[in-house]
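Dear colleague,

Please find the structure below, handed over for your records. My notes on it follow directly after.

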Amino acid sequence: MDGKLSINTSTCIKCGKCARVCPSQIITQETKGSAVKVQNVENCIACGHCVAVCPTNSVLHSEFPPEKVHAFKYSDYPTPEQMMLVCKARRSNRAFSTRPIPREMLEQIIEAAHRAPTASNMQQVHFTLVTDPKQLDAISRFTLDVFNSAAKKLKKPILKPILKRIMPDAYRYLPVFDRLKREYANGHDMILRGATAALFIHTPKTSRFGSADANLAYQNGSLMAECLGVNQFYMGFVCTAIHQENKGTLANMLGINGTIHAAMALGMPEFRFSNYIDKKDTVETDL
């Protein structure tokens, strides 16, 4: 970490909370009530736990000046019942209207996604928002081109006997690929479904935990979209095409220098759901 971390001993009450929440054990307290010490500052991942937990603002961290620290009350949280309702009611609603999404709503969705945790607090997750209709159509065409190429290979008589043995599941998708192509030719895009925005979540190619970090960000953004009344769904066809092609074509087309791990289609709703349905109970617990 570039910067400084220290303890203001004149205000520190030696509660030890900072030492207990420090994931890297940089802040230590040998015994309860003893002096709090700082060591191996170069290993700090700048998570801010120490600053956030200190009741007397005695932890001084150069990454978190006073203007970055904001007090809050847990009583201002949504209730557990409200949070559970959002989790139960959120759906992948593909019924979009043609109304554009207000810019402030898009910014709130990206901010929520940005607030998701990342491995070792590396914060290497980046976001690319696409709203231009021509670019949105190019995303669909890229996806269809990849699928059409795959379909041609699967249908080749010389390859079919071999591929059916080593990739039997792939042939289940041939009717899907054909339908996507046919519907698009008829003016019905089943890739983006008329979304007016697409959010791509990506990390540097060297990011070890990029996929996990990006998909954690996706879920944050998805829940915020739900609360804002913005329809969204996971762009599974597009992500599958990106992985299948494995050449970075779409990333280059969108000016993304990195690996796309998740993508969200967004649009204002044509209508919203009025009921939620309980999922089959498959949760296993060991208490």
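The lining of the largest pocket divides into 19 nonpolar, ten polar and four charged residues; here Ala, Val, Leu, Ile, Met, Phe, Trp, Tyr, Cys and Pro count as nonpolar, Asp, Glu, Lys and Arg as charged, and the others, Gly among them, as polar. The model is predicted: local features need pLDDT of at least 70 and side-chain atom pairs count only at pLDDT 80 or more, while totals for chains, interfaces and linings use all residues. Residues are numbered from 1 along each chain as its sequence is written, and side-chain values use heavy atoms, with hydrogens and water left out.

Serine 58 lies in the loop between α2 (49–53) and β4 (59–61); helices (H or I, at least four residues) and strands (E, at least two) are DSSP runs, numbered from the N terminus. Serine 58 counts as buried because its relative accessibility is 1%, where buried means under 20% relative accessible area, exposed over 50% and partly exposed in between (1.4 Å probe, protein chains only). Leaving out residues up to four places away in sequence, serine 58 touches Ser6, Ile7, Asn8, Thr11 and Cys12, contact meaning heavy atoms within 4.5 Å.

With a disulfide defined as a pair of cysteine sulfur atoms within 2.5 Å, the count comes to zero. Cysteine 18 is in no disulfide, the nearest cysteine sulfur, that of cysteine 15, being 6.2 Å away. Cysteine 44 is buried, at 15% relative accessible area, and its sulfur is too far for a bond because the closest cysteine sulfur, in cysteine 50, is 6.4 Å away.

With kind regards
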